[in-house]
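Have a look at the sequence and the 3D view, then read on.

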Amino acid sequence: MNLFLRFGTSIVILALLSYTVAIVTEQRKKRIDKTILIFLTLGVFLDITATAFMILGSSKGGFTLHGILGYSSLLAMFTDAVLIWRHKTKKGLHSLVPAKLHLYSRYAYLWWIIAFITGGLLVAFR
């Protein structure tokens, strides 16, 4: 595994941890707080960074099945972060998360986990 892929792999694991803290906290509290905002935003930043490293390190280019899964899951989490921040701006910190946004966060996270697992499986079966 080349250096770019190693960095990308390490960083995507940090994104997983960050997203997990944010989404599990949001799902339990059903309210927006600083922890959610910080870890969700950090997760998106780490995910973008990891994706860039993995594209640079890939010999297959950026348009593979896993790449498309990864881009779509990154887009889903980015959208979730934008929606959470927008809701916080309108309703304030500690406001209840609307039911539809609460559900979207869960599905976006699950989609991201699927993309994460498929990446690991691709490496394991190579």
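Helices here are DSSP runs of H or I with at least four residues, numbered from the N terminus. The model is predicted, so local features need pLDDT of at least 70 and side-chain atom pairs count only at pLDDT 80 or more, while totals for chains, interfaces and linings use all residues. Residues are numbered from 1 along each chain as its sequence is written, and side-chain values use heavy atoms, with hydrogens and water left out.

**The helices**

Let's start with lengths. The expected span of a helix is 1.5 Å times one less than its number of residues.

| Helix | Residues in helix | End-to-end C-alpha distance | Expected span |
|---|---|---|---|
| α1 | 27 residues | 39 Å | 39 Å |
| α2 | 24 residues | 34 Å | 34 Å |

Now for the helix ends. Just past α1, Lys-30 has a positive phi of about 55 degrees. At α2, Asp-33 is the N-terminal cap, with a side-chain oxygen 3.1 Å from the backbone nitrogen of Thr-35.

**What is tucked away**

Buried means under 20% relative accessible area, with a 1.4 Å probe and protein chains only. In α2, the buried residues include Ile-36, Leu-40, Asp-47 and Gly-57, and their cover includes α1, α3 and α4. In α4, Leu-101, His-102, Tyr-109 and Trp-112 are among the buried residues, with α1, α2 and α3 included in what covers them.

Is His-87 buried or exposed? His-87, part of α3, counts as buried because its relative accessible area is 13%. Contact means heavy atoms within 4.5 Å. Beyond its neighbours within four places in sequence, His-87 touches Ile-32, Gly-92, Ser-95, Leu-96, Val-97, Pro-98 and Leu-101. The C-alpha atoms of His-87 and Leu-101 sit 9.2 Å apart, though 14 residues separate the two along the chain.

**The largest pocket**

A pocket is an open set of points on a 1 Å grid over the protein atoms alone, where a 1.4 Å probe fits, with protein on both sides within 12 Å along at least five of seven lines; lining residues have an atom within 4 Å of a point. The largest pocket holds about 830 Å³ of space. Of its 29 lining residues, Leu-5, Met-54, His-66, Gly-119 and Val-123 lie nearest the centre. Helices α1, α2, α3 and α4 each give at least two residues to the lining, and α4 gives the largest share, seven residues.

Note on methods
Grid points are joined across faces, edges and corners, and a volume is the space filled by probe spheres set on the points. Buried means under 20% relative accessible area, exposed over 50%, partly exposed in between (1.4 Å probe, protein chains only). A polar contact is a pair of N or O atoms within 3.5 Å; within protein, one must be able to donate a hydrogen and the other to accept it, and residues adjacent in sequence count only if both atoms are side-chain atoms.
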